[in-house]
Amino acid sequence: MSMFEGFRFRRVSSVIHRLDPRVKFFFVCVLFVTAILFSKLPPLILLFFVPLPFVLAAGVQREWIRSMRGALFFAVIIFLFNFVFTYFSTQYPQLPSASLLERSLAMTLRFLVLVESFSVFFLTTSPDHLGLALEQSHVPYEFCFAFTTAVRFVPVLADEAQTIMDAQKARGLELERGNFLKRVRNYIPILIPLIVGAIRRSLELAEAMESRAWGASEKRTNLYVLKLKNADYLLAFGSVLMLIFAVYVWRYVPVPTLITLLRL
Amino acid sequence: MAVIKTRDLTYTYPGATKASIKDVSITIEKGEFVVLTGPSGCGKTTLCRCFNGLIPLFYGGKLEGEVVVAGCKVVEHSIYELARHVGLVFQNPENQLFALSVEKDVAFGLENLAVSRDEMRKRVDWALQITGIEDLSERSPHELSGGQQQRVAIACVLAMQPDVMILDEPTSFLDPVGAQKIFEVINELNKELGITVILVEHRLDLASKYANHVIVMDEGKVVLDGEPRGVFNSEKARLIGVGVPKATRLYQILGENGIRLGRVPVTSEEAASLLREVLKRD
């Protein structure tokens, strides 16, 4: 099922994949904050290029492009909303000015930077690592376990959904028939067995967990441990520098718009 | 020394009107390889659940009589305390693996028991090596075949170093080759490590050669309990519908026709050598 392909994490290893997820998350947050601080086009253009080396180093260009293409639709909506609404509420009878165009573009780009930074994080962090990071950030273990188990069972449930669909089609269920509402209703005979199956599965899982001493000790240990390495310190240091620089520029340097820059 | 002892064990699931197991009194000695068999729905799985506390703690319901496992009265202990002594491997391998890598899954029980990291690493590698899946340690359970998944499930339980290992139809989702491999792994655990094994199984042709104790259940009751040859050769076993090993069945048919083999065979190899003897003599 192509729908679930995106959730299926491919086990790849690169410098970026090996970075500590906590540090990576901090870096993404810094990008996020910086993108929120600036509303002019030039700094946002610069910001857009910051995660690109990470994408290339991790070798996830294709997935990255796919996720950006997914964001494009929303980007167009954001642009149109900004442009059309501001135009009609401020400049209407006259022609739209270049600065209005630039502001709308900046808002759109800000959105793209946010999507970009998060997609880099999720594309280069294995769910395993993420679960571990959650655990070591003192998130209650039940939540971490629920998270990793959910990821573990996505492909299993996808296969099961496919099997149920085939079985129901073999009994004469027509999925691609009728108008929109009818089509949605067509999926009920797929959903019910899927949900019942999932509940049964969860009972069996609970049994297996109990049999393997779930809840035996207050403070459980872990096979793996996340340790900060040199590269992690480097990225953390870089992120802090970037944050300081961004705040400084935002506070004390008048940021020019692209139009004034081009005029110079 | 008995590792599992039950006395007049009767259990009714919540909401059920009829007891699933009735007056079960069995003794399983340390180091035995027990095959537990009987028609579907005869209470084999229910009995297994009594051995590690899932019944009555997880399921509720009404339990009468007594179960003692590794010196602990089951009703007086929590499931996680019993998990140190009794490992349970389930029928569907897919639903007992919940981590994203094999290694992590094998470590799950040890993590729960708060075993130190070095010790855990040692035991995980040990369990993977015994079950012959070291090369799969980094893989995700979803990428494995059913047979490999079941071996991982066995490794998960093995890593906790239980005294007793209960396997509830571990091969019903596997092909004959996969099943054969699982049986060999289980046999090794029993013979090399001295772990008491209780194997719930229908495929007696494959499983019975390893067993030295067979228990047959029917409608919640233990109907036959003893050493394999005697149990398989009894008329009762055949009438209940137990899949008596074909070698034993052959022995019986030959007997009805007046040909006596030296003893009751359980495997086809045994039957073959006995037949050879008879043919030479004639």
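1. A compact globule of 264 residues would have a radius of gyration near 18 Å, whereas chain A comes out at 24 Å. Along the principal axes, its C-alpha trace extends about 70 × 55 × 30 Å. Buried residues account for 21% of the 264 residues in chain A. Please keep in mind throughout that this is a predicted model.

2. The fold of chain A is quick to describe: it has 13 helices and zero strands. Among its contacts with a separation of 6 or more, 79% join residues 24 or more positions apart. The domain assignment divides chain A into domain 1 (2-125 + 228-263) and domain 2 (140-211). You will see that domain 1 of chain A is written as two segments. The C-alpha centres of these two domains of chain A are 35 Å apart.

3. On confidence, chain A has a mean pLDDT of 88, with 95% of its residues at 70 or more. The lowest value belongs to helix 1 (residues 2-5) of chain A, with a mean of 46, and the highest to helix 12 (residues 230-252) of chain A, at 95. Over residues 1-7 of chain A, pLDDT stays under 50. For that stretch the model has seven contacts beyond four places in sequence. Chain B averages a pLDDT of 92, and 99% of its residues score at least 70. For the complex, the predictor gives an ipTM of 0.88 and a pTM of 0.85.

4. Now to the meeting of the two chains. The contact draws 27 residues from chain A and 35 residues from chain B. Which elements of chain A give two or more residues to the side that touches chain B? They are helix 8 (127-136), helix 9 (141-170) and helix 11 (188-211) of chain A. Helix 11 of chain A gives the most, with seven residues. Sorted by class, this side of chain A has 11 nonpolar, seven polar and nine charged residues.

5. One loop residue in chain A deserves a look. A:Ala213 sits in the loop between helix 11 and helix 12 of chain A. Its phi is near 65 degrees, a positive value in a residue other than glycine. Is A:Ala213 buried or exposed? It counts as buried because 25 other C-beta atoms lie within 10 Å.

6. Chain B is assigned three domains: domain 1 (1-85 + 164-178 + 190-238), domain 2 (93-161) and domain 3 (245-282). Between domain 2 of chain B and domain 3 of chain B, the C-alpha centres are 42 Å apart.

7. Two backbone details in chain B are worth checking by eye. B:Asp23, in strand 2 (residues 21-24) of chain B, has a positive phi near 45 degrees, although it is a residue other than glycine. With 15 other C-beta atoms within 10 Å, B:Asp23 is partly exposed. The other detail is the peptide bond from B:Ile55 to B:Pro56, which is cis, with omega near 5 degrees. B:Pro56 belongs to helix 2 (residues 54-58) of chain B.

8. Beyond its neighbours within four places in sequence, B:Asp205 is in contact with B:Pro245 and B:Lys246. Its C-alpha atom is also 6.9 Å from that of B:Thr267, a residue 62 places away along the chain.

9. Finally, have a look at helix 11 (residues 246-256) of chain B, whose buried residues are B:Ala247, B:Thr248 and B:Tyr251. Why do they share one side of helix 11 of chain B? They cover an arc of only 105 degrees around the axis, so they fall on the same side of that helix.

Methods: Residues are numbered from 1 along each chain as its sequence is written. Chains are lettered from A and ligands numbered from 1 in the order in which they are written. This is a predicted model: local features need pLDDT of at least 70, side-chain atom pairs count only at pLDDT 80 or more; totals for chains, interfaces and linings use all residues. Domain bounds come from an automatic or database domain assignment. A residue is buried if 20 or more other C-beta atoms lie within 10 Å of its own, exposed if 12 or fewer, and partly exposed in between; C-beta atoms are placed from the backbone. Helices (H or I, at least four residues) and strands (E, at least two) are DSSP runs, numbered from the N terminus. The arc is that of the directions from the helix axis to the C-beta atoms. Two residues are in contact if their C-beta atoms, placed from the backbone, lie within 7 Å. Ala, Val, Leu, Ile, Met, Phe, Trp, Tyr, Cys and Pro count as nonpolar, Asp, Glu, Lys and Arg as charged, and the others, Gly among them, as polar. pLDDT is the predictor's confidence in each residue, from 0 to 100. The radius of gyration is taken over C-alpha atoms; the globule rule is 2.2 Å times the number of residues to the power 0.38.
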